[in-house]
Amino acid sequence: ILFVDDEVMVADSVSTMLKALGYDVWVTSSSTDALNMFQANPDAFDLVITDQAMPDMSGVELAAELLAVTVITIAE
């Protein structure tokens with residue numbers, strides 16, 4: 001799971017909870033960092049959970065960028 005929230009306390013709390021439930025979680029408070037992580041290895045993530053309102057890139061914009069990476073990866 002890739003979890004993205006610009007509020008560090010929220011990101012850390014949710015990450016801790018998901019890890020306690022047995023999930024492998026990568027967490028970041030930056031939408032740009034999340035995109036870079038995903039681009040580096042899109043197959044590493046089965047699920048992305050993102051905040052909607054974030055600086056630099058909204059959750060919708062991030063989701064669109066992630067989908068574009070996925071489409072390119074599938075096409076290759």
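The largest nonpolar core in this predicted model is built from eleven residues: Leu2, Val4, Ala34, Leu35, Phe38, Phe45, Met54, Met57, Leu62, Leu66 and Val69. A nonpolar core here is a set of buried Ala, Val, Leu, Ile, Met, Phe, Trp, Tyr and Cys residues joined through side-chain atoms within 4.5 Å. Buried stands for under 20% relative accessible area, exposed for over 50%, and partly exposed for what falls in between (1.4 Å probe, protein chains only). Three elements each supply at least two residues of this core: strand S1 (2-4), helix H2 (31-40) and helix H3 (59-75). Helices (H or I, at least four residues) and strands (E, at least two) are DSSP runs, numbered from the N terminus. A second, separate core has five residues, among them Ile1, Phe3, Ala11 and Leu18.

As for the ground rules, residues are numbered from 1 along each chain as its sequence is written, and side-chain values use heavy atoms, with hydrogens and water left out. Since the model is predicted, local features need pLDDT of at least 70 and side-chain atom pairs count only at pLDDT 80 or more, while totals for chains, interfaces and linings use all residues.

Back in the eleven-residue core, Ala34 touches Leu2, Val4, Thr28 and Leu62, leaving aside residues up to four places away in sequence. Contact is taken as heavy atoms within 4.5 Å.

Next come the aromatic rings. A search of the whole structure turns up two aromatic pairs. Rings of Phe, Tyr and Trp (its six-membered ring) pair if their centres lie within 6.5 Å; planes under 30 degrees apart count as stacked, over 60 as edge-to-face and the rest as tilted. Trp26 is partly exposed at 36% relative accessible area, whereas Phe45 counts as buried at 10%. Phe38 and Phe45 are stacked, 5.9 Å centre to centre and with 20 degrees between the planes. Phe38 is buried too, with a relative accessible area of 6%. Trp26, Phe38 and Phe45 make up one aromatic cluster.

Tyr23 is found in the loop between helix H1 (8-20) and S2. With a relative accessible area of 44%, Tyr23 is partly exposed. Tyr23 touches Ile1 and Leu18, again not counting residues up to four places away in sequence. Both Ile1 and Leu18 belong to the second core. Tyr23 and Thr50 are 27 residues apart in sequence and 16 Å apart in space, C-alpha to C-alpha.
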